[in-house]
Structure formats: C-alpha cells, structure tokens
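This briefing covers helix packing and sheet layout in one model. The sequence and structure come first, followed by notes grouped by topic.

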Amino acid sequence: MRLHVVSDVHGAAKELASAADGSDVFVCLGDLICFLDYHDPGRGIFADLFGEEHAQEYIELRTAGRYTEARELSSRAWSALGVDGQAGRWGVMEALVRDQYEQLFDAMPEPALLTYGNVDLPALWPDFVKDGHRVLDAEVIDVEGMRWGFVGGGLTSPMRTPFEISPEDYAQKVAALGPVDILFTHIPPAVPDLVYDVEARRFEVGSQALLDYVREHQPRLHLHGHIHQPLHGRRRIGRTECINVGHFAGRGVPFSMDVA
Ligand SMILES: [Mn+2]
C-alpha cells in the first residue's frame, strides 16, 4: 500500500490538491493555517492584518526569543486597529482563518485521514470537512489489518499557538490508544535530535508521553511533523522508526512510503 503523508501545510492549498496523486492512502497531520510565514513575511494572517513590515519585525523578535517584545508589538498593532482583548482579536482573526480553511479543505484530497496540528482551530473544522475526510484524535482505526493510531495538537509553549494542550491532557490521549502498528501525531517525541530546529535555532516542544509510549509499545513506525527544519529527520527508538514527514509548505511534496 502506497502511503502519502503531509504535515505543516500552512496555507499551501495549491500543492495540497495533488498531494495524494499516486497514493492508496492519504494522511494529513495538521497545521493547515498560515498565521506567519518565516520565509515569506508577506504571506499569512498577520501580514493580511498588519502588513509585511510588521510581520517581518514580529518574526525577528520571535526568532531572537524575545517573546515579550513580540507580544507587545502585536498588542500595539491590535490597538492601532481599534481591537481590544483576546476575544476581539479572535473575532477578527476567525474570519481570516475561515477563509483559509475554506480554500484548504476544498483542496484537501478525498479520501483523507486527518488529525490536528497546534496551528489549527479544531472547533471550526466541522464547518469545512468534506464527506471523504475522517478526523481522528486519540483514536485507532484498522487499515488492512494494521492498527493505526492518531493523536493531534501540540503542547503548551511560549509560542502560544491556538491548539496547545497540557502535557497531562496530551498524555491521556496517548494512553487511550493502546498498542498500534503505526503511530501518527503532529508533534514528535521528546528526543533532542528530533525537536531541534536548525533554522529557528531552538528546541521546540516534543512529548515525553510519546517517547514513553514508543518505548513501551514499539510501533513499527511513528510518523510526525511540527519541526520545520529538524536537526534529524528520523531516529530509531528500539524497533520504532520515528520519521518527520517534512514541512509540506516548504517542500511542496508529500512524504511517501510503502507499508504492508
Ligand atoms: Mn507547523
């Protein structure tokens, strides 16, 4: 069976439309929305709202780890738009997120198995998913006699992305799976080589619960995304091959492999 997997789509609707071509099964591991494009500051919701120059400055502050200053910059920009408070901000952003989701779910191949990334708004998905889209989170399905497990979302981080949950809640979702043959998640296990981003030059947040799970259950494969430029794209943990399927918005092509 030919499997295609994408993650970190971040607005790449055009490439997404053909990402399942030639595959038997297509999986998307989330992060559909583009808030901020570190490679093209003119793209994304922040640029739409505040302009490219603002987005560039915001990116520079975050890349330097100056999160407080980045938040202050963004507060001033919101005030300049006359928008106050988090609820007001989401009111404005939701319309833009919905525009992106409409394009992305139109382009999303069918059938597809999906889970959420940390840069997603799960509450909005029911308005956009198509008949051929099966959304899975803390669930296991049978695919030709194999057990495939899915866990979506990210963990609490200084980046304050929209779908971050506590390590405890995430661990509960992981524990709900039981043994699987292939594990699909947005975030990687907490292995330094897998969570370090060489371009952002920082450790992103990986999951200790996933690492414990992989050590205990030893699925054949653990496919994940989240780290856009990882120090290592794959690592073996015992019998398990952990593979970062790649930053789809940057590569434009899906990860592809035969599984049986
Ligand atoms: Mn991402």
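This is a predicted model: local features need pLDDT of at least 70, side-chain atom pairs count only at pLDDT 80 or more; totals for chains, interfaces and linings use all residues.

**Helix α4**
- Helix α4 covers residues 67-80 and has 14 residues.
- From first to last C-alpha, α4 reaches 20 Å, close to the 20 Å expected at 1.5 Å a residue.

**Packing of α3 and α4**
- Two packed helices are described by the angle between their axes and the distance between the axes.
- Helix α3 (residues 52-63) and helix α4 have axes that come within 8 Å and cross at roughly 160 degrees.
- Because angles over 145 degrees count as roughly antiparallel, α3 is roughly antiparallel to α4.
- The crossing in which α3 passes α4 is left-handed.
- On the α3 side the contact is made by H54, E57, Y58, L61 and R62, and on the α4 side by Y67, E69, A70, L73, S74 and A77.
- Sorted by class, this contact of α3 with α4 holds six nonpolar, two polar and three charged residues.
- An α-helix has 3.6 residues a turn, so residues three or four places apart point the same way.

**Packing of α6 and α8**
- The axes of helix α6 (residues 167-175) and helix α8 (residues 208-217) come within 9 Å, with a crossing angle of roughly 25 degrees.
- Angles under 35 degrees count as roughly parallel, and α6 and α8 are therefore roughly parallel to each other.
- The crossing of α6 and α8 is right-handed.
- P167, Y170, A171 and V174 are the α6 residues in this contact, and they meet Q208, A209, L210 and Y213 of α8.
- The contact of α6 with α8 has seven nonpolar residues, one polar residue and no charged residues.

**The open sheet**
- Five strands form an open sheet with mixed pairing, in the order β4-β3-β2-β1-β15.
- Its edge strands are β4 (133-135) and β15 (255-258), each of which pairs on one side only.
- From one strand to the next, the twist averages 20 degrees.
- In what sense do β1 and β15 pair, and over how many bridges? Strand β1 (residues 2-6) pairs with β15 in the antiparallel sense, over four bridges.
- Residue L3 stands opposite M257 in β15.

How values were computed
Residues are numbered from 1 along each chain as its sequence is written. Axes are lines fitted to C-alpha atoms, for helices over the stretch in contact, and angles run from 0 to 180 degrees between N-to-C directions. Helices (H or I, at least four residues) and strands (E, at least two) are DSSP runs, numbered from the N terminus. Angles under 35 degrees count as roughly parallel, over 145 as roughly antiparallel, 65 to 115 as roughly perpendicular and the rest as oblique. A crossing is left-handed if the near helix is turned anticlockwise from the far one by less than a right angle, and right-handed if clockwise. Two residues are in contact if their C-beta atoms, placed from the backbone, lie within 7 Å. Ala, Val, Leu, Ile, Met, Phe, Trp, Tyr, Cys and Pro count as nonpolar, Asp, Glu, Lys and Arg as charged, and the others, Gly among them, as polar. Two strands pair if DSSP finds at least two bridges between them. The expected span of a helix is 1.5 Å times one less than its number of residues.
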